[in-house]
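Let's take a walk through this fold together, starting with the sheet and moving on to the helices. Please keep the viewer open as you read.

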Amino acid sequence: MVSILIDDNILLRTYQPEDAAALFRAVDKSRQHLRPWLSWVDATIKQEQSVGFIQQSLAQLNNQQSLSLGIFYNQEIIGGIGLHEWNHYIKKAQIGYWIDKDFEGQGIITKCTGRFIDFIFEKLGLNKVELHFMPHNKRSAAGAEKLGAKVEGIIRQSHMMNGRLEDIVITGILKNEWRK
């Protein structure tokens with residue numbers, strides 16, 4: 001199990017099967033808030049799908065394909081953060097995150113993402129982290145900028161979101177650039 005302490009109230013940790021109901025409630029509560037940015041939200045309509053996600057996440061962690069962590073505030077799930085597209089050969093991965101609408105704008109995602117990137121570079125030995133987002137996602141753009149991610153390009157109409165093709169901004173952070 002992966003566990004990353006952020007502060008006295010916030011912990012990132014691997015989802016466990018017993019988290020399924022709380023995870024589903026957190027997603028369901030923020031469904032309208034998350035839907036414009038995350039395609040998986042519409043595919044999460046029953047608690048059983050959260051159970052399946054957690055089982056799949058644990059298997060992918062075991063195979064070092066991805067890493068999915070819950071963001072726990074005072075032991076309650078308020079979001080998630082993860083690493084996917086984990087390429088061991090070139091030592092890079094993408095990261096993504098989401099947070100309950102009631103916790104947005106409090107700096108929690110920036111704080112959690114910073115510590116998660118520390119973990120990725122220090123413990124997993126990756127050389128590059130990418131953050132991808134749609135150009136009109138101003139919060140993700142601002143977050144990437146705060147973290148020091150550099151815009152590497154825009155891939156046009158390469159992401160399907162709610163039935164529409166969307167552009168994707170690719171940003172990246174290299175290990176030797178991190179925290180300088």
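## About the model

The model is predicted, and local features need pLDDT of at least 70, side-chain atom pairs count only at pLDDT 80 or more, while totals for chains, interfaces and linings use all residues. Residues are numbered from 1 along each chain as its sequence is written, and side-chain values use heavy atoms, with hydrogens and water left out.

## The sheet

Helices (H or I, at least four residues) and strands (E, at least two) are DSSP runs, numbered from the N terminus. Two strands pair if DSSP finds at least two bridges between them. Here 8 strands build an open sheet with mixed pairing, in the order β1-β2-β3-β4-β5-β6-β8-β7. The edges are taken by β1 (3-5) and β7 (150-161); each has a single partner strand, so one side of each has no neighbour in the sheet. On average, neighbouring strands of this sheet are turned by 25° against each other, direction ignored. Axes are lines fitted to C-alpha atoms, for helices over the stretch in contact, and angles run from 0 to 180 degrees between N-to-C directions.

## Pairs to look at

Strand β2 (residues 10-14) runs antiparallel to strand β3 (residues 67-73), and 5 bridges join them. In this pair, Ile10 stands opposite Tyr73 in β3.

Which strands form a hairpin with Asn162 in the turn? They are β7 and β8, with 2 residues between them, and Asn162 has a positive phi of about 50°. β7 and β8 pair in the antiparallel sense over 8 bridges. Ile155 faces Ile168 in β8, and the bridge partner of Lys150 in β8 is Gly172. β6 is also antiparallel to β8, over 6 bridges, with Lys128 opposite Leu174 in β8.

The axes of helix α1 (residues 20-29) and helix α3 (residues 47-62) come within 8 Å and cross at roughly 115°. Contact means heavy atoms within 4.5 Å. On the α1 side Ala20, Ala21, Leu23 and Phe24 take part, and they meet Gln47, Ser50, Val51, Phe53 and Ile54 in α3. By class, the contact of α1 with α3 has 7 nonpolar, 2 polar and no charged residues (Ala, Val, Leu, Ile, Met, Phe, Trp, Tyr, Cys and Pro count as nonpolar, Asp, Glu, Lys and Arg as charged, and the others, Gly among them, as polar).

Helix α4 (residues 108-122) lies across β1, β2, β3, β4 (76-87), β5 (92-99), β6 (128-133) and β8 (164-174), and runs at about 155° to β5.

Buried means under 20% relative accessible area, exposed over 50%, partly exposed in between (1.4 Å probe, protein chains only). In helix α5 (residues 138-146), the buried residues are Ser140, Gly143 and Ala144. They cover an arc of only 100° around the axis, which puts them on the same side of α5; the arc is that of the directions from the helix axis to the C-beta atoms. Their cover includes β5, β6 and β8.

The face of α5 turned away from its buried side carries the exposed Lys138, Glu145 and Lys146. Just after α5, Gly148 takes a positive phi of about 90°.

## A buried arginine

Back in strand β2, have a look at Arg13. Is Arg13 buried or exposed? Arg13 counts as buried because its relative accessibility is 16%. Not counting residues up to four places away in sequence, Arg13 touches Met1, Val2, Ser3, Asp19, Ser68, Leu69, Gly70 and Phe72.
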